[in-house]
Amino acid sequence: MSDPTLLSARGLRLSFGAIPALAGVDLDLWPGEVLAVVGESGSGKTTLLNVLSGRVRPDAGVVWYRDPDGALHDVHAMEAPLLRRLHRSDWGFVHQDPRQSLRMGVSAGGNVGERLMAAGARHYGRIRASALDWLAEVEIDPARIDDLPRIFSGGMLQRLQVARTLATHPRLVFMDEPTGGLDVSVQARLLDLIRRLVARHGLAVVLVTHDLAVARLLAQRIVVMRRGLAVETGLTDQVLEDPQHPYTQLLVSSVLQA
């Protein structure tokens, strides 16, 4: 790829006691690319996501982020206020449980508006108009703008979280099992929505998922994690059609036999 990387990690290591969660992980993400991180529970994929996003500090290694002006920043050397500002603007985070980012006692429109205000928006009319637009974009009836999230279905909650996250037009979004826990039909609708939004807004995404079908649908490249190691990396179709590492072969064959 000709563009410089948006996010790069080198030599990431992290242990919880005697247990290595990351054991020397290297990773690159380019602008507009969706990179899936896959593996079974305990493989280190969610830990990797948290380290990449600056939420957890590694024992060793570095994560570099390239800002819109082309300057490189060491994520874990950034001052806390600057990192928080980055998460409110250029970056977004979509959790498996939308209740981790939504405020259940604030209206749907208020949840979107709060992120806009955190990024500096102050004009009430424009904030509300933007919230209406984003609700429509994630296929929530704009008439629900004043409804509380606690009366929404699981799928609607996840779509509201996506609207809140994307309202500031981030360049990079971290997604942690965004379809986990949803019914199959709801998953399919949400995946189709995420795929369209990623393409429409040119988002770069680091996606953690245990579901290889989700990785195949959304991601151009894939990283396979096992016991804190990135054991295989490559184009998604290539890795899933012709896996080279025995662990990747096992993952793919278990899906085919399911």
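Which residue in S8 does Val37 stand opposite? In this predicted model, Val37 stands opposite Val208 in S8. The structure is a predicted model, in which local features need pLDDT of at least 70 and side-chain atom pairs count only at pLDDT 80 or more, while totals for chains, interfaces and linings use all residues. Residues are numbered from 1 along each chain as its sequence is written, and side-chain values use heavy atoms, with hydrogens and water left out.

Helices (H or I, at least four residues) and strands (E, at least two) are DSSP runs, numbered from the N terminus. Two strands are taken to pair if DSSP finds at least two bridges between them. An open sheet is formed by six strands in the order S6-S7-S8-S3-S9-S10, with mixed pairing. Strand S6 (91-94) and strand S10 (229-235) are the edge strands, each pairing on one side only. From one strand to the next the twist averages 15°, with axes being lines fitted to C-alpha atoms and angles running from 0 to 180 degrees between N-to-C directions.

Within the sheet, strand S3 (residues 34-38) pairs with strand S8 (residues 204-209) in the parallel sense, over five bridges. Strand S9 (residues 221-226) and S10 run antiparallel and are joined by six bridges, with Arg226 opposite Leu229 in S10. S9 and S10 form a hairpin with two residues between them, and Arg227 in the turn has a positive phi of about 50°.

A nonpolar core is a set of buried Ala, Val, Leu, Ile, Met, Phe, Trp, Tyr and Cys residues joined through side-chain atoms within 4.5 Å; buried means under 20% relative accessible area, exposed over 50%, and partly exposed in between (1.4 Å probe, protein chains only). The largest such core has 47 residues, and Val112, Leu160 and Val205 have the most contacts inside it. Leaving aside neighbours within four places in sequence, the residues in contact with Val205 (heavy atoms within 4.5 Å) include Leu29, Val34, Leu172 and Val198. A second, separate core of 30 residues includes Val25, Val51, Val63 and Tyr65.

Helix H4 (residues 124-137) has 14 residues and reaches 20 Å from its first C-alpha to its last, close to the expected 20 Å, where the expected span is 1.5 Å times one less than the number of residues. The buried residues of H4 are Ile127, Ser130, Ala131, Trp134, Leu135 and Glu137. Seen down the axis of H4, these residues fall within an arc of 155° (taken from the directions from the helix axis to the C-beta atoms), so they line one face of the helix. Their cover includes helix H3 (108-118), helix H5 (154-166) and helix H6 (184-201). Just after H4, Glu139 takes a positive phi of about 65°.
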